[in-house]
Amino acid sequence: QVQLVESGGGLVQPGGSLRLSCAASGSISTTTTMGWYRQAPGKQRELVAVITGGRDPNLADSVKGRFTISRDSAKNTVYLQMDSLKPEDTAIYYCYARIRITWQLNYNDYWGQGTQVTVSS
């Protein structure tokens with residue numbers, strides 16, 4: 001009943017920038033946390049950045065100073081501004097949200113389908 005739709009991925013040269021967007025839709029009662037994870041070939045999915053309403057965002061050490069996460073809670077939308085991109089940032093980026101839907105008591109984790117980010121010259 002919940003869908004997360006990402007956009008903004010693509011191919012960029014080292015040092016370039018991209019901005020990812022993710023909008024959650026469906027029978028949403030409450031959204032507590034939204035953010036981004038990524039998975040490179042042959043590696044496990046790892047946290048990039050998450051933000052919970054009313055708190056400071058959490059960023060992976062590898063992206064601090066380069067990436068910025070922001071959120072529009074009213075629109076259930078989260079953004080990831082990626083600057084100074086490096087080849088090692090190449091991965092599929094997945095939107096994440098912890099959401100309680102209508103008629104459910106507990107929060108559940110939801111994932112987008114992923115958007116490819118490739119940093120290469």
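A disulfide here is a pair of cysteine sulfur atoms within 2.5 Å. By that criterion the structure holds 1 disulfide. Cys 22 and Cys 95 form the disulfide, with their sulfur atoms 2.0 Å apart. The link of Cys 22 and Cys 95 is left-handed, at -85 degrees about the S-S bond. Cys 22 sits in strand S3, residues 18-26, and Cys 95 in strand S9, residues 91-101, so the pair ties together parts that are 73 residues apart in sequence. Cys 22 and Cys 95 are both buried; buried means under 20% relative accessible area, exposed means over 50%, and partly exposed is in between, with a 1.4 Å probe and protein chains only.

Now the provenance. This is a predicted model, where local features need pLDDT of at least 70 and side-chain atom pairs count only at pLDDT 80 or more, while totals for chains, interfaces and linings use all residues. Residues are numbered from 1 along each chain as its sequence is written, and side-chain values use heavy atoms, with hydrogens and water left out.

Next, the overall fold. The protein has 0 helices and 11 strands. Both are DSSP runs numbered from the N terminus: helices are H or I with at least four residues, strands are E with at least two. The C-alpha trace spans about 50 × 25 × 25 Å along its principal axes. What is the radius of gyration of the protein? The value is 14 Å, which agrees with the 14 Å or so of a compact globule with 121 residues. That radius is taken over C-alpha atoms, and the globule rule is 2.2 Å times the number of residues to the power 0.38.

Of the 121 residues, 40% are buried. Contact means heavy atoms within 4.5 Å. Among contacts with a separation of 6 or more, 57% come from residues 24 or more positions apart.

On charge, there are 12 positive and 9 negative side chains, and the centres of the two sets lie 4 Å apart. Lys and Arg count as positive, Asp and Glu as negative, and His and the chain ends are not counted. Each charge is placed at NZ of Lys, CZ of Arg, CG of Asp or CD of Glu.

Gln 81 is in strand S8, residues 77-82. Gln 81 is partly exposed, at a relative accessible area of 25%. Leaving out residues up to four places away in sequence, Gln 81 touches Ser 17, Leu 18, Arg 19, Arg 66, Phe 67 and Thr 68. Asn 106 is 25 residues from Gln 81 along the chain, and their C-alpha atoms are separated by 31 Å.
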